[in-house]
Amino acid sequence: MSKQFDVVVIGAGPGGYIAAIRAAQLGMSVACIDAWQNGQGGPAPGGTCTNVGCIPSKALLQSSEHFEQANHHFADHGIEVKGVSIKVDKMVGRKNAVVKQNNEGILYLFKKNKVTFFHGKGAFGGQVEGGWSVKVSGTTEEELVAKHVIVATGSSARELPGLPFDEKQVLSNDGALNIEAVPKKLGVIGAGVIGLEMGSVWRRLGAEVTVLEAMPEFLAAADQQVAKEALKVFTKQGLDIKLGVKLGEIKTSAKQVTVPYTDSAGAEQKLVVDKLIVSIGRVPYTGGLNAEAVGLKLDERGFVVVDEDCKTNLANVWAVGDVVRGPMLAHKAEEEGVAVAERIAGQHGHVNFATIPWVIYTSPEIAWVGQTEQQLKKDGREYKAGSFPFLANGRARALGDTTGFVKVLADAKTDEVLGVHIVGPMASELISEAVTIMEFRGAAEDIARICHAHPTLSEAMKEAALAVDKRTLNF
């Protein structure tokens, strides 16, 4: 006999589990289906973000940063250490423990909020009396009936044509998180978020890292002043980043990967590495959803087609996160998950795409929100710009990290903040102030007049806002 729910969510990544919890908090009966499993075959909710994305990558970034600090920067503080080494298996074990804690935390939240969890794959069975039939295939077979269905099946790593992931030599983000020993030479295809973060991890631990990027510009989506600063710093750190390359036919053997390519000058080159990380983007995952059978509309790239409210072409079927249009970011998925749950409950859920922040957790960190200077110029928007270097910030000096700057862009007439761009320490934390200001359509002067604690890195935000009107308090 089928089990009846007000809402069934397919997928327990950031969009799915948040949607399920919020719907339950709003008084609905909710089930969430997820197929991720841990090494023991048990449930591992959290999706790509928790299992092979945001969370584990940050764990490795933190470990590798500690290693680099001990080797190269402790002496500046009078701390003398000798014979520092890295136990990769223990580092990876810690990462796995962090992931497990997050998996268990989500299961606890489901229980606390009375969300019924099903471990397995969810697929549409068709329209039935009372809503939609959703079939669960896993350790046990179940049939659920839901008044509303939220599709939150996420995305998977994009492969290069003819070069499948074996997760031993040719690695996706998953394999890049589980390298068993520091490779002597590591290749990375794609200078995006995943490529830069994973390249940074293994470079700090001693690998010789070469990054191949097809685009002629570095971080084309970021403000170019920030991108140029980041490229300069990463190059100085030892990342060999080659732009404007054209790949040839990649060959693998028992011990190495050979990557022929044409460089930006048109010369034929060859990169031979122990392991190759392919980070050329992600594709929406709808496999096994039975979308075609029920007429769920997908676009030419495989995304579930939704309107501005995340409604699909099917009655009472919604979709959120990486499987729909918009940036593939965990926090974007969470916002959509909450908004859809509230819309189902008759409320007015809200997602503002203009204020979704972007973060790259390298060192220095890179974060931005809103429009870049090149976008404003292209649109013909009159604007003012102000920036402030961390080199002149007291807290940054005390931290020993004065790399980068904060940049504020504001409307030339109204002073409304149009974009904020940061490269430097703790950029991921600092960007939230800019998001808040922009959500309330605040002005650069508002940032400048807010009292910021001293000494903090956030004072650089205040100084950049002051610089919009050619002022400064930093004498």
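## Basis of the description

The model is predicted, and local features need pLDDT of at least 70, side-chain atom pairs count only at pLDDT 80 or more, while totals for chains, interfaces and linings use all residues. Residues are numbered from 1 along each chain as its sequence is written, and side-chain values use heavy atoms, with hydrogens and water left out.

## Overall dimensions

The chain holds 14 helices and 22 strands, where helices (H or I, at least four residues) and strands (E, at least two) are DSSP runs numbered from the N terminus. Its C-alpha trace spans about 70 × 60 × 45 Å along the principal axes.

Among contacts (heavy atoms within 4.5 Å) with a separation of 6 or more, 61% are between residues 24 or more positions apart.

Helix H4 (residues 88–112) has 25 residues and reaches 36 Å from its first C-alpha to its last, close to the 36 Å expected at 1.5 Å a residue, the expected span being 1.5 Å times one less than the number of residues. Its buried residues are Val88, Met91, Val92, Lys95, Val99, Asn103, Ile106 and Phe110. An α-helix has 3.6 residues a turn, so residues three or four places apart point the same way. The cover over the buried residues of H4 includes helix H1 (14–25), strand E2 (30–34), helix H2 (47–52), helix H3 (54–72), strand E3 (115–128) and H6. Just after H4, Lys114 takes a positive phi of about 60°.

Helix H7 (residues 224–237) has 14 residues, which should span 20 Å at 1.5 Å a residue, and its end C-alpha atoms are 20 Å apart, in agreement. At its start, a side-chain oxygen of Asp223 comes to within 3.1 Å of the backbone nitrogen of Gln225. Buried in H7 are Gln224, Val226, Ala227, Glu229, Ala230, Val233 and Phe234, and the buried residues of this helix pack against helix H6 (193–204), strand E10 (240–242), E19, helix H10 (373–379), strand E21 (405–411) and E22. Just after H7, Gly238 has a positive phi of about 120°.

## Strands around E19

Strand E19, one of the elements that H7 packs against, is mostly covered, with five of its six residues buried. E18 and E19 run antiparallel and are joined by three bridges, and a hairpin of four residues connects E18 to E19; two strands pair if DSSP finds at least two bridges between them. Ile366 in E19 is the bridge partner of Ile360. E19 also pairs with E22 in the antiparallel sense, over six bridges, and here Gly370 stands opposite Gly419 in E22.

Most residues other than glycine have a negative phi, and most peptide bonds are trans. The peptide bond from Ser363 to Pro364 is cis, with omega near 10°, and Pro364 lies in the loop between strand E18 (358–360) and strand E19 (365–370). A further cis peptide bond, with omega about -5°, joins His454 and Pro455, and Pro455 is placed in the loop between helix H13 (444–449) and helix H14 (459–468).

Glu167, a residue other than glycine, has a positive phi near 60° and is found in the loop between strand E6 (155–157) and strand E7 (170–171); this residue is partly exposed, with a relative accessible area of 29%. Met426 likewise has a positive phi of about 60°, in the loop between strand E22 (417–424) and helix H12 (427–439), and Met426 is partly exposed at a relative accessible area of 46%.

Terms used. Buried means under 20% relative accessible area, exposed over 50%, partly exposed in between (1.4 Å probe, protein chains only). A polar contact is a pair of N or O atoms within 3.5 Å; within protein, one must be able to donate a hydrogen and the other to accept it, and residues adjacent in sequence count only if both atoms are side-chain atoms.
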